[in-house]
Amino acid sequence: MYGAKPVWLLIALMAVATAFALSAARLTVAWTSNLTLPALLCVLFGLGQYFRYGRQRPDLHAICDIALQIVLVLLLGALLTYAATAANFPYRDADLHRLDQIMGLDRTVYLDLFRAHPWLNDIVAVAYLTLLPQFAIVPVMLLAAGKTTRAHSLLFAIGIALLLTSMVATFVPAVSAFYYLDVAPSGLAALSLDFQALLRTIEALRSGALQAIRLDDLQGLITFPSFHTAGGLLLAWAAFAVPYVRWVGLGLNAALIAATPVVGAHYFVDLMGGAAVAAVAILAATKFYPRARTAAPSPGASDEAMSPSAH
């Protein structure tokens, strides 16, 4: 089975799971808080239909279709993380820190390395911020390179990763290594304004004080497993199919993952959890998209040409 159908089926599953999870958590979505988002969805859908049935431009229709899918996958995944946080299971920061200690991984030593080399800290900090832009750029790049199957398999894998991340985080909630190890002992005064806002959101969800999710202020709430790690691995895997960006993708996402304990304030075990999520997501994607197992088809051939159906 190739083409967009598995991705649309996964999006439908995510929509059902999101509706159920939000209902169980007694959360609603304030759609009017960001009218740009539903407008964007409508525009992408409308353009996609126009280029499919009107102008009949398969290339432009594919771009609109992919763009619509990635917005929906990321939106539904973000909403699922809010429902996961609202489940209010006991924090597991102590357990996550203990696992780091058992493995002999010292966060202080790691942070000192970046403090001693500010230029290195700047590089990984910038790389960390490229996750969302890459989610938009890499699928379109794959389409342009004729890797249609790999583009769809990437979206499928991202959806699976978000589902798994939310499921695990429901039962293993944590604030962050930064708060648990560095700030909590000295009090909230040491927190940045951004982190104070994040902590307020987490606590409001867990207490039930926050009942309406604003789309103009979606935040990354999950500590374990690290979705930045999972996403970076998925993007590196997808980009590896295009020879002229293969090593750029690997280097950029290696820096992104290296930044997660620093910029993302993750425990090292969070990265391992994210890697496990990425591995399962890739296995699932290659199950539905067998062509995605191959880094590159024969010269001159595209995924589209090899697949029996594009949609």
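Reader: In this predicted model, how closely do the axes of helix 11 and helix 12 approach, and at what angle do they cross?

Author: The axes of helix 11, residues 227-239, and helix 12, residues 246-259, come within 8 Å and cross at roughly 175°.

Reader: Are those two parallel or antiparallel?

Author: Angles over 145 degrees count as roughly antiparallel, and helix 11 and helix 12 are therefore roughly antiparallel to each other.

Reader: Which residues make the contact?

Author: On the side of helix 11 they are His228, Thr229, Gly232, Leu233, Leu235, Ala236 and Ala239. Their partners in helix 12 are Arg246, Gly249, Leu250, Asn253, Leu256 and Ile257.

Reader: Let us step back. How many helices and strands are there in the protein?

Author: The protein has 14 helices and two strands. Of its 311 residues, buried ones make up 50%. Among contacts between residues at least 6 apart in sequence, 83% join residues at least 24 apart.

Reader: Which members of the largest nonpolar core touch the most other members?

Author: They are Leu142, Leu154, Ile158, Phe227 and Leu234, in a core of 78 residues. Helix 3, residues 58-86, supplies the largest share of this core, with 14 residues. As general background, nonpolar side chains in soluble globular proteins tend to be buried together.

Reader: What does Ile158 touch?

Author: Setting aside residues up to four places away in sequence, Ile158 touches Ile70, Val73, Leu74, Phe135, Phe227 and Leu234. Another core, of six residues, lies apart from the largest one, and its members include Leu96, Ala177, Tyr267 and Val269.

Reader: Now Thr170: buried or exposed?

Author: Thr170, in helix 8, counts as buried because its relative accessibility is 17%, and the cut-off for buried is under 20%. Leaving aside neighbours within four places in sequence, Thr170 is in contact with Ala84, Ala87 and Phe89.

Reader: Where does Ala145 sit?

Author: Ala145 is in the loop between helix 7, residues 131-144, and helix 8, residues 148-171. With 28% relative accessibility, Ala145 counts as partly exposed. Residues up to four places away in sequence not counted, Ala145 touches Val242 and Tyr244. Ala145 and Pro243 are 98 residues apart in sequence, yet 9.8 Å apart in space, C-alpha to C-alpha.

Reader: A word on backbone geometry. Which residues does the cis peptide bond join?

Author: The cis peptide bond joins Phe224 and Pro225, with omega at about -5°. Pro225 is located in the loop between strand 2, residues 212-214, and helix 11.

Reader: What is phi of Arg26?

Author: Arg26 has a positive phi of about 60°, although Arg26 is not a glycine. Arg26 is found in the loop between helix 1 and strand 1, residues 28-30, and at 71% relative accessibility Arg26 counts as exposed.

Reader: And Gln56, what is phi there?

Author: Phi of Gln56 is near 55°, a positive value in a residue other than glycine. Gln56 is in the loop between helix 2, residues 36-54, and helix 3. Gln56 is exposed, with a relative accessible area of 58%.

Terms used: Residues numbered from 1 in each chain as written. Predicted model: local features only at pLDDT ≥ 70, side-chain atom pairs only at ≥ 80, totals over all residues. Heavy atoms only, no water. Axes fitted to C-alpha atoms, helices over the stretch in contact; angles between N-to-C directions. Helix = DSSP H or I, 4+ residues; strand = E, 2+ residues; numbered from the N terminus. Parallel < 35°, antiparallel > 145°, perpendicular 65-115°, else oblique. Contact = heavy atoms within 4.5 Å. Core = buried A, V, L, I, M, F, W, Y, C linked by side-chain atoms within 4.5 Å. Buried < 20%, exposed > 50% of the residue type's maximum accessible area, 1.4 Å probe, protein only.
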